[in-house]
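Work through the exercises below with the sequence and the structure in view. Try each task before reading its solution.

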Amino acid sequence: MKQQLENNVAVDHDIFQKFSGHEQVVFCNEPASGLQAIIAIHNTTLGPALGGTRMRPYESVDEALEDVLRLSEGMTYKCAAADLDFGGGKAVIIGDPNEAKSAALFRAFGQYIDSLNGRFYTGTDMGTTMDDFVHTIKETNFINGVPEAFGGSGDSSIPTAQGVIYGLKATNMFLSGSDSLAGKCYAIQGLGKVGFKIAEHLLQAGADIVVTDINKELIALIEQKATGTSGTVEAVANDEIYNIEADFFVPCALGGIINDFTVEKLRVHAVVGSANNQLREARHGKILHDKGILYAPDYIVNAGGLIQVADELYGSNKERVLAKTKAIYNSLVEIYKEANMEYITTVEAANRKCEKRLEEQRRRSNFFARSRRPKWNIRE
Ligand SMILES: NC(=O)C1=CN([C@@H]2O[C@H](COP(=O)(O)OP(=O)(O)OC[C@H]3O[C@@H](n4cnc5c(N)ncnc54)[C@H](O)[C@@H]3O)[C@@H](O)[C@H]2O)C=CC1
Ligand SMILES: O=C(O)CCC(=O)C(=O)O
């Protein structure tokens, strides 16, 4: 839909319609390095936007755009739920992480991040690693989660995996009155930075895991890790993971995996995993609820990495990060209880909590002019 305005500028309303919930979307195109990226800032009510950068061989710009819009919105909720003073943002780089990475590409990306002058802080996500951003920090300070040797807080997938483990324990406690992980079966999709650490922890705790990954080397590696533990590993084909009869489905790869094709297949008691945007649409949360499958809202349970990178911006403190990551356990139990009491889905219960916090901050922002910076300020 195009409309001709008085000053003769044609405005494409469709594109603004698409971004209508977002504050800013930046397209980055740098032919010398081959960089094609999109940065989306969803909402900065609580503070500057914060969220990782994903790299994927997206099939189209539309697919990349949809991903970054959904992911950045999720970050607004994740920051609100984890009680962080940051807003929601995310970036995607279009390209195969196994082939298209270069120092030049990550430096060019850094120049775009720098141009936002602190409206957006970023680091790793699916398809990117801490080492990639060692190039980016040559161009900008607005990067987090680089190795400790480079002044960062290190691998954010460690607290993310810890948070999911707390989420699994809390869910076990809610369902069975014991938070022991042992003796239960977990179907894990994706053995990357987060999924692998969860799988290892579960094996050591004496759990049975069923795993899948498109990278067969990771399957072989987790099979080796089972040796000497009281846990077991079974590997299945990628699509088979949805059919596994297990206590938990643990999605740790792509988003949108709970959709019309998969939701009817699931034969688990609960879904608790690190993947962002697990539900293709909100109604899939309702279908899980109606099937009696307890769903741990993804942005509650996978907040550990975010907690670490947010903390880094004030000067890293591992104890503070651990305490906040542990709080995922209680936060999740509260959400389960509220959903039960109010006859709503767990996503509705979690969203309510976040929207309340955003609304309170909006009212505060209107009341006080932001003429002074808060005491607990981001280090320059
Ligand atoms: N790294 C972090 O700290 C955080 C990650 N997340 C989310 O958790 C998920 C995993 O993140 P990472 O472990 O960092 O990513 P990663 O890129 O290290 O690992 C993803 C793994 O999934 C596998 N995979 C991709 N498609 C698959 C498919 N169709 N079936 C099975 N396996 C498949 C990949 O081969 C890879 O091993 C993503 O959705 C990410 O956004 C969320 C919060 C923080
Ligand atoms: O985990 C990170 O490094 C950043 C946070 C993030 O992007 C996420 O939680 O999805």
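Buried means under 20% relative accessible area, exposed over 50%, and partly exposed in between, with a 1.4 Å probe and protein chains only. Helices (H or I, at least four residues) and strands (E, at least two) are DSSP runs, numbered from the N terminus.

This is a predicted model, in which local features need pLDDT of at least 70 and side-chain atom pairs count only at pLDDT 80 or more, while totals for chains, interfaces and linings use all residues. Residues are numbered from 1 along each chain as its sequence is written, chains are lettered from A and ligands numbered from 1 in the order in which they are written, and side-chain values use heavy atoms, with hydrogens and water left out.

**Exercise 1. Confidence**

Task: State the mean pLDDT of the protein and the share of residues that reach 70 or more.

Solution. Step 1: pLDDT is the predictor's confidence in each residue, from 0 to 100. Step 2: the mean for the protein is 93, and 93% of its residues reach 70 or more. Step 3: for the complex, the predictor gives an ipTM of 0.98 and a pTM of 0.92. As a caution, where pLDDT is low, the predicted coordinates should not be read in detail.

**Exercise 2. Helix α11**

Task: Describe the length of helix α11, its buried residues, and what lies at its start and after it.

Solution. Step 1: α11 covers residues 318-342, which is 25 residues. Step 2: the expected span of a helix is 1.5 Å times one less than its number of residues. From first C-alpha to last, α11 reaches 36 Å, close to the 36 Å expected. Step 3: the buried residues of α11 are V321, T325, I328, Y329, S331, L332, V333, I335, Y336 and A339. Step 4: at the start of the helix, a side-chain oxygen of N317 comes to within 3.0 Å of the backbone nitrogen of E319. Step 5: Y343 follows α11 and has a positive phi, near 55 degrees.

**Exercise 3. Strand β7**

Task: How many residues of β7 (residues 87-94) are buried, and how does β4 run relative to β7?

Solution. Step 1: 8 of the 8 residues of β7 are buried. Step 2: G87, G89, A91 and I93 are on one side, and G88, K90, V92 and I94 on the other. Step 3: β4 (residues 35-43) runs antiparallel to β7 and is joined to it by 6 bridges; A37 stands opposite I93. Step 4: β5 (residues 49-50) is parallel to β7, with 2 bridges, and L50 stands opposite G88. Step 5: β6 (residues 53-56) pairs with β7 in the parallel sense over 4 bridges, and R54 has V92 as its bridge partner.

**Exercise 4. Aromatic pairs**

Task: How many aromatic pairs does the structure hold, and why is the pair of Y121 and F142 edge-to-face?

Solution. Step 1: rings of Phe, Tyr and Trp (its six-membered ring) pair if their centres lie within 6.5 Å; planes under 30 degrees apart count as stacked, over 60 as edge-to-face and the rest as tilted. Step 2: the structure holds 7 aromatic pairs. Step 3: the ring centres of Y121 and F142 are 5.3 Å apart and the planes are at 85 degrees, so this pair is edge-to-face. Step 4: Y121 is in strand β8 (residues 120-121) and F142 in the loop between α4 (130-136) and α5 (157-176), 21 residues apart. Step 5: Y121 has a relative accessible area of 8% and is buried; F142, at 14%, also counts as buried.

Note on methods: A polar contact is a pair of N or O atoms within 3.5 Å; within protein, one must be able to donate a hydrogen and the other to accept it, and residues adjacent in sequence count only if both atoms are side-chain atoms. Two strands pair if DSSP finds at least two bridges between them.
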